Every structure is written in structure tokens, then in C-alpha cells.
Amino acid sequence: MNTQSPIYSLKFTIIWICVYLLITYLLLQLLNIFFALYIGLWILNLLIEIVERIFLRYGRRIITVEN
């Protein structure tokens with residue numbers, strides 16, 4: 001076993017563990033942003049559907065571009 005190799009150095013190992021943790025943290029933050037956007041759009045769509053059904057119950061229509 002070559003003890004002069006940087007792979008066996010504690011400092012080298014700790015640096016790469018820190019780099020790995022940083023990459024993992026950044027990916028989790030990015031994933032959280034996309035997850036929040038997805039859930040937000042899903043809730044917005046649900047809210048629009050509920051309002052549309054309430055309007056239809058009272059004989060009103062939402063004026064949209066699709067007329």
C-alpha cells in the first residue's frame with residue numbers, strides 16, 4: 001500500500017466529502033425549486049377549476065381567450 005498517494009490522505013478525503021456534500025446540497029435546492037413550482041401550478045389549476053365550477057353553478061361564465 002502506497003501511503004504517499006493523495007487518496008490515502010485524510011485532508012484529500014475530507015475535501016472530496018465537502019465537495020460531494022456541496023453538490024448534493026445544490027441539487028436538493030434545485031429539486032426543491034422545481035417541486036415547489038410543480039405543486040404551485042397544480043394548486044393554481046385546482047383553484048381555477050373550483051372557481052369555474054362555482055361560476056357555472058350560478059349561470060356565469062369566465063371570459064377566456066378560447067371563446
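## A predicted single-helix chain

At 34% relative accessibility, Phe12 counts as partly exposed, since this value lies between the 20% limit for buried and the 50% limit for exposed. The model that contains this residue is predicted.

The protein chain holds one helix and zero strands. Helix 1 covers residues 10–57, which amounts to 48 residues. From its first C-alpha to its last, helix 1 reaches 70 Å, close to the 70 Å expected at 1.5 Å a residue. Just after helix 1, Gly59 adopts a positive phi of about 75°.

The count of aromatic pairs comes to one. The pair is formed by Phe12 and Trp16, whose planes stand at 65°, so the arrangement is edge-to-face; the cut-off for that class is over 60 degrees. The ring centres of Phe12 and Trp16 are 6.2 Å apart, and pairing requires centres within 6.5 Å. Because Phe12 and Trp16 are four residues apart in helix 1, about one helical turn separates them.

For the protein chain as a whole, the surface values are as follows.

| Property of the protein chain | Value |
|---|---|
| Share of the 67 residues that count as buried | 1% |

Technical notes: Residues numbered from 1 in each chain as written. Predicted model: local features only at pLDDT ≥ 70, side-chain atom pairs only at ≥ 80, totals over all residues. Heavy atoms only, no water. Helix = DSSP H or I, 4+ residues; strand = E, 2+ residues; numbered from the N terminus. Expected span 1.5 Å × (residues − 1). Phe/Tyr/Trp six-rings, centres within 6.5 Å; stacked < 30°, edge-to-face > 60°. Buried < 20%, exposed > 50% of the residue type's maximum accessible area, 1.4 Å probe, protein only.
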